Number of protein chains: 2
Amino acid sequence: MSDYYTIAVDVMGGDFGPRITIPATLDALARHSRLSAKLIGHSDVIQPFLNGLNPDVACRVDVVHAPDTISMSAKPSQTLRNGQESSMYKAIQLVEDGAAQACVSAGNTGALMVLGRYILRMLPGVDRPAIISSVPTAKGHCYLLDLGANVDCSAEHLLQFAIMGSVMTAAVDGIQGPRVGLLNIGQEQVKGNEQVKLASRLIQEQGGLNYVGYIEGDDLYAGNADVVVCDGFVGNIALKSSEGLARLINQKVQASFKQGLYRKFLALLAKPVLSDLKKQMDPSRRNGASLLGLQGIVIKSHGSANQQCFGYALDQAVAEIEQDIPRKICSEIEARLT
Amino acid sequence: MSDYYTIAVDVMGGDFGPRITIPATLDALARHSRLSAKLIGHSDVIQPFLNGLNPDVACRVDVVHAPDTISMSAKPSQTLRNGQESSMYKAIQLVEDGAAQACVSAGNTGALMVLGRYILRMLPGVDRPAIISSVPTAKGHCYLLDLGANVDCSAEHLLQFAIMGSVMTAAVDGIQGPRVGLLNIGQEQVKGNEQVKLASRLIQEQGGLNYVGYIEGDDLYAGNADVVVCDGFVGNIALKSSEGLARLINQKVQASFKQGLYRKFLALLAKPVLSDLKKQMDPSRRNGASLLGLQGIVIKSHGSANQQCFGYALDQAVAEIEQDIPRKICSEIEARLT
């Protein structure tokens, strides 16, 4: 792996598009001196953002024109047929061509998944890509996968997710033998559905992972595992329902500090504390979900990410490039499952 | 339905047993003048709690001796074989015998489910019992089912849950045509697993429910539905992961107000606000989950419920008796599905 690397940024994706993604990318270039960026999108839209750039940053920015954008409501099958001229398609294609080492998009998740799989293909021995992201815990954070790529998973898929998640956590967080748990509705061996029970047996038989057994929903945030594995339906519901509750609590905090003059005064005094908390409350704050299992790095940013949050997704891409995650997953899957 | 009714309370269940369940029951008797209670448990343990009772309450309390207790770790199959002398078994049996109109327990959920089903049997047309409980929303609360009774559900089961949940919400909350949603990972028709997609079709074809379509995890707390239906694996994970995050946020609030003298001072001032919030934060605060679909009322309290929370479970039992929920479910299922 060269010391210089390039990220392909789909600047058109997300709720705010170029006015978030381009400034965030330019900031990332300032943070990472060995990073170059290819900005993929409509060049007429991109150019105005590049006026008056610091020459050190300007020399590391390339614009790749893409006339089309994939909408948030586009069906994945449509993007395969008609998406070739879209910013997302071209961004992934640059990774496949070796012109970039990672792609970052805040666009349509289903389309990113389908195009990633079609253009980059799966790693040998991996049946399906999985979306992994981190959630805050009492002890720091843990990674949860799959977050919605796969609505029905077999035990073998869950085993593959466990290996991929373990590899990524070990590499990106520098943890030796990260603790791997399976999300389940109880801690006893008899609990759970058939896939989860069989996956537990497969992981134990496989033997190479630091498996800590079943993790219940409320343990997810306790920090008792570094990687928690589940199918995409369950993972998506767990993450989103937690986000929903965090939002509700935040609304209640705001409302609570508005009841009466005294409480309003308190809110003024407590503003820095409350603002700290708001930041800590959002389980999706650590932005930048990875699509694991592909022959290349694809990072999905939250569609509603602001500039700072999109920056986290770019940092995640840099970390995965530096650690060469796809190659590490490939060799672990080969060593353990073939 | 007579104006006088009796609840059978498994006083031995839960993390704290009689010292929570008995005072909570005596409080409920004081609140509900037409309520009687049968306290089921070891009579030696129960008697000391009944000394010096107000005669008006004392005349409405009965003790039913049960020498055994079902442990939290007992396997449901064991309780069927060896549970006859347990407080939980006898409490449910009293409902079957007509000596009580509802049973409340904070004990082992799996055992309660299996014994409820074995002793009371299912309502005609209902294949499986479902656990339903309410969660707070921005607009009040909504009911979520199933919360763990059924790890794998067919579309037909989800349809039955939808009807049962709708009946209960209409009756207990007095809502005409409660809005029914299906928990899913997206709002578009193509999203979700096969069971959920088919269930959506069945509910639409059935036509009698006020169906509002798919509800995503983060919408659960937004108040866009009155009843949200899912399989027990997903429901359990959604509820517990939300509880886990609420606990984490609460820890962070506490910690945040302890950093430095100024923040400690603020915490002192803000104590009533923070204590308000802590109460509102816990999605399980509205205690008292119902086992719907049985030929009798069975209410499950949180194992860790304190006296006040166990009281909510008793109130839930009273509300379901007053509304004669099993009979209403029976006639709705008959009208719609047979």
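1. Two residues are taken to be in contact if their C-beta atoms, placed from the backbone, lie within 7 Å. This is a predicted model, in which local features need pLDDT of at least 70 and side-chain atom pairs count only at pLDDT 80 or more, while totals for chains, interfaces and linings use all residues. Residues are numbered from 1 along each chain as its sequence is written, and chains are lettered from A and ligands numbered from 1 in the order in which they are written.

2. The same surface serves both copies, since 98% of the contact residues of chain A recur in chain B.

3. Chain A and chain B each give 48 residues to the contact. On the side of chain A that touches chain B, two or more residues come from each of helix H9 (232-256), helix H10 (261-269) and helix H11 (271-281) of chain A (helices are DSSP runs of H or I, at least four residues, numbered from the N terminus). H9(A) provides the largest share of that side, 20 residues.

4. B:Gly235 lies in helix H9 (residues 232-256) of chain B. B:Gly235 counts as buried because it has 30 C-beta neighbours inside 10 Å (the cut-off for buried is 20 or more other C-beta atoms within 10 Å of its own, placed from the backbone). Leaving aside neighbours within four places in sequence, the contacts of B:Gly235 are B:Leu144, B:Leu145, B:Asp146, B:Leu147, B:Gly148 and B:Cys230.

Terms used: Buried ≥ 20, exposed ≤ 12 C-beta atoms within 10 Å, placed from the backbone.
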